[in-house]
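Hi everyone, thanks for making time this morning. Let me put the structure up, and then I'll walk you through a few places in it.

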Amino acid sequence: MSQLPELTSDERARYEWQLWVRGFGEQGQRRLKGTTVFVSRIGGVGGAVAMQLAAAGVGRLILAHAGDLRLDDLNRQSLMTTDWIGKPRIESAVRRLRELNPHVAVDTIAENVDQCNVERLAGPADVIVSAAPLFEERLQMNREAVRRGVPLVDCAMYEMEGRLTTVVPGRTPCLSCLAPEPPPNWKREFPVFGAVASTVGSLAAMEVIKLAAGLGEPPSGRLLNFDLRSMTFTTITIARRQDCAVCGLLSHETTF
Amino acid sequence: MRLRVQYTAQLRTVSGRAEDEVEVPEGSNLAELLRRVASELPLEAAPYLLTPGGELQPSLLVAVNNGAVMSREAHAVLVHTGDVIMLMPPIAGG
């Protein structure tokens, strides 16, 4: 990001309220505009991430999600609309994001992450957002983030709880340090409110904005666990594993 | 000695509660505590704590007083009176 893009007068007006944020300002906005973010997938959590990043003026979003919209997606997938049931989710997402902010470039890929496509899908990204429902996908994105030395924001939800951490390769634990293998008893469908998805998605979007703009402190080496049933937010200290098969050999400090 | 064990995510669902007070002998380690918890919770909780072979579930993340411990390291961690143990099975998105 040596050559930061300039802001237009329309963009200055659109982002005026966040340009007032201490430590962000025009330089932060330009850095955000110069940032490409990969989000997989764009359901309840990833959709909220994409919406907040688009509203904030990220330069480019690369969104990956296969499949068609179902009625039971609509309690939480805020980029989707009822009239789109039976049609590709990714098309509804790009339509809604372009309506929200036409300044943001949105690339869409109607695929889910796997071992064969992760490099192609996430390759151009400065930040990767892991919001997928399957651990295999999350671990693939984690490997790609570590391989390329780019940060990964991992966000998850269940019922009225959410979790979030930021992986900065070489400095923080990676996902494989925490869960080297996909858990055997995770169920693809689970209880959750859309408000929980939007909460953790918005937290993740804020982390991306912070990383892009060099604002605040990422939750490096920490895992946020929140429970909206009791409105309890807990931060767990997490550590790198030297024997981690993914990041264990990284000894250097990588900065974004 | 008595400790507080907090359940998150699927473990909270299957246990039907947010936490328990659990009594274990002085000098117990975290693995022994986890096995005690597994024996006292409903059967549906067992897969989140133990493998079919009876080993501690490798994917279970445990926080002892807000510091993470992987279950495979639990044998080496002694627990103490008043510790707060949070059990965190992995969750994802959707």
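Let's start in chain B, in the loop between strand S3 (61-64) and strand S4 (67-70), which is where you find Asn65(B). Keep in mind as we go that this is a predicted model. Asn65(B) has a phi near 50°, which is positive although the residue is not a glycine. Asn66(B) lies in the loop between S3 and S4 of chain B too, and its phi is near 70°, again a positive value in a residue other than glycine. As a reminder, most residues other than glycine have a negative phi.

Asn66(B) is partly exposed because it has 14 C-beta neighbours inside 10 Å.

Let me zoom out to chain B as a whole. It has three helices and five strands, and along the sequence they run β-α-β-α-α-β-β-β. The C-alpha trace spans about 40 × 25 × 25 Å along its principal axes. What does the radius of gyration tell us? For 94 residues, a compact globule would come out near 12 Å, and chain B has 12 Å, so the two agree. Of those 94 residues, 44% are buried. If you look at contacts in chain B with a separation of 6 or more, 54% of them join residues 24 or more positions apart.

Now over to chain A, and another backbone detail. The peptide bond from Ser40(A) to Arg41(A) is cis, with omega near -5°. Arg41(A) sits in the loop between strand S1 (36-40) and H4 of chain A.

Next, please find helix H5 of chain A, residues 89-100. Its twelve residues reach 17 Å from first C-alpha to last, close to the 16 Å expected at 1.5 Å a residue. Which of its residues are buried? They are Arg89(A), Ile90(A), Ser92(A), Ala93(A), Arg96(A) and Leu97(A). Looking down the axis of H5(A), these buried residues fall within an arc of 160°, so they line one face of the helix. Among the elements covering them are H4, strand S2 (60-64) and strand S3 (105-109) of chain A.

In soluble globular proteins, nonpolar side chains tend to be buried together. Here the largest nonpolar core has 102 residues, and the ones touching the most other members are Ala50(A), Leu61(A), Val129(A), Val208(A) and Val62(B). Helix H9 (residues 194-213) of chain A gives the most to this core, with eleven residues. Take Ala50(A) as an example: leaving aside residues up to four places away in sequence, it touches Val39(A), Ile42(A), Leu61(A), Leu63(A), Leu79(A), Ala93(A) and Leu97(A).

Last stop, the contact between the chains. How many residues does each chain bring? Chain A provides 34 residues and chain B provides 21 residues. On the chain A side, at least two residues each come from helix H4 (44-56), helix H7 (135-148), strand S5 (152-158), strand S6 (161-167), strand S7 (222-227) and strand S8 (232-237). By type, the residues of chain A that touch chain B are 20 nonpolar, nine polar and five charged.

Methods. Residues numbered from 1 in each chain as written. Chains lettered and ligands numbered in written order. Predicted model: local features only at pLDDT ≥ 70, side-chain atom pairs only at ≥ 80, totals over all residues. Contact = placed C-beta atoms within 7 Å. Helix = DSSP H or I, 4+ residues; strand = E, 2+ residues; numbered from the N terminus. Nonpolar A, V, L, I, M, F, W, Y, C, P; charged D, E, K, R; others polar. Rg over C-alpha atoms; globule rule 2.2 N^0.38 Å. Buried ≥ 20, exposed ≤ 12 C-beta atoms within 10 Å, placed from the backbone. Expected span 1.5 Å × (residues − 1). Arc of directions from axis to C-beta. Core = buried A, V, L, I, M, F, W, Y, C linked by C-beta atoms within 7 Å.
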